[in-house]
Amino acid sequence: MTYRNQHHEILFHRHERNPILTAAAWPYPANTVFNPGAVRCSDGSTILLCRVEDRRGHSHLTVARSADGITDWTIDPAPTFAPDPDKYPEEHWGLEDPRVTYLEALGKYAVVYTAYSWGGPGVGLALTEDFRHFERIGIIMPPEDKDAALLPRQIDGRWAMIHRPATPMGAHIWISYSPDLKHWGGHKLVLRARQGGWWDANKIGLSPPLIETECGWLMIYHGVRVTPAGCLYRIGLALFDLEHPETCLRRGDSWIFGPFAPYEREGDVQNVVFPCGYTIGDDGDTVLMYYGAADTSICVATGSIREMLDWLDRHGRIDV
Ligand code: BMA
């Protein structure tokens with residue numbers, strides 16, 4: 001496409017093999033696969049916890065493993081973490097959009113997902129050590145709330161979670177704290193959706209879990225622009241204080257990544273890029289950002305933490 005001005009910095013580079021996973025690769029019937037959480041294992045291999053939508057329209061989560069994080073995926077032969085609405089009615093219409101954080105203090109991964117209940121989407125939490133067995137903590141934020149992820153360590157002795165409740169005033173990003181991962185409080189609004197013509201007006205949400213850097217917690221978030229032709233899901237950056245993560249230090253004005261490639265523009269839901277996970281390379285800087293494209297396939301783009309921080313330094317401003 002040559003008609004589009006490209007005089008902006010490119011912070012994320014699409015992999016030439018995109019999409020790296022589609023429903024065609026699935027070992028059992030699936031409509032679409034998208035919005036995966038991601039983990040880098042100690043042996044350097046990658047686990048993606050993929051959202052799989054079946055032909056009822058309900059989603060579950062399935063593990064795909066790869067040595068290089070790009071090719072040769074081994075996909076679990078059946079749903080890995082499936083809704084169980086008889087026991088857990090809050091999972092009535094499925095499990096969606098997992099974000100995974102390793103909690104070193106517990107030696108466990110926290111999987112925070114959208115539980116689609118009869119009352120709307122809420123935030124669910126499960127713990128796992130091996131991505132085979134999952135211990136459900138249950139719903140930790142009632143509907144309507146989603147786009148949630150835990151911070152990897154406690155802040156002042158409390159676990160912290162970023163999430164996105166929706167209210168008649170819009171859908172903004174909040175932080176909440178917990179002594180035990182079960183009881184949550186200390187709720188604070190941390191990032192507001194802008195208004196009017198902004199790319200991130202009225203509705204924003206956390207994308208993958210925060211990235212801990214020496215300058216602060218780096219947030220990759222999505223903004224939703226409503227147009228007569230449908231929504232545009234794009235990605236922007238913000239930075240939060242390391243010890244006071246409710247304090248936003250900088251926020252970029254422009255989006256940094258948006259639907260452009262044909263596989264992001266066409267699909268079940270057109271014009272969507274929706275990252276839920278990343279892995280960080282051995283250099284401690286290279287980010288492989290895994291995202292759902294058009295609610296249809298799984299893609300990856302490469303970026304650099306240093307470049308994102310540098311961009312925020314130059315283009316970000318203190319959020320008001
Ligand atoms: C959001 C979430 C995502 C989805 C996106 C675009 O609200 O539900 O799962 O990818 O919409 O449809």
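1. Tyr116 has a relative accessible area of 32%, so the residue is partly exposed. Tyr116 belongs to strand S7, residues 108-117. Together with Trp93 and Trp118, Tyr116 forms a nonpolar patch on the surface, with about 360 Å² of accessible area. Note that this is a predicted model.

2. Oxygen atoms of the ligand lie 2.5 Å from a polar side-chain atom of Asp97, 3.2 Å from one of Lys146 and 2.6 Å from a side-chain N or O atom of Asp295. On its own the ligand has 300 Å² of accessible area, and the protein covers 85% of this.

3. The salt bridges number 19. One of them joins Glu243 and Arg153, at 3.4 Å from N to O. These two residues are 90 apart in the chain: Glu243 sits in the loop between strands S18 and S19, Arg153 in the loop between strands S10 and S11. Glu243 is partly exposed at 42% relative accessibility, and Arg153 is partly exposed at 26%.

4. Arg194 and Asp253 also form a salt bridge, at 3.1 Å. Here the partners are 59 residues apart. Arg194 has a relative accessible area of 12%, so this residue is buried, whereas Asp253, at 24%, is partly exposed.

5. Within helix H2, Asp310 and Arg314 are four residues apart, about one turn. Their salt bridge has its closest N and O atoms 3.1 Å apart. Asp310 is partly exposed at 38%, as is Arg314 at 44%.

Note on methods
Residues numbered from 1 in each chain as written. Predicted model: local features only at pLDDT ≥ 70, side-chain atom pairs only at ≥ 80, totals over all residues. Heavy atoms only, no water. Polar contact = N/O pair within 3.5 Å; in protein donor to acceptor, adjacent residues only side chain to side chain. Areas by Shrake-Rupley, 256 points an atom, 1.4 Å probe, with all protein chains shown as cover. Patch = residues over 30% accessible without salt bridge, like charges linked within 9 Å, V, L, I, M, F, W, Y side chains within 5 Å. Salt bridge = Lys/Arg side-chain N within 4 Å of Asp/Glu carboxyl O. Buried < 20%, exposed > 50% of the residue type's maximum accessible area, 1.4 Å probe, protein only.
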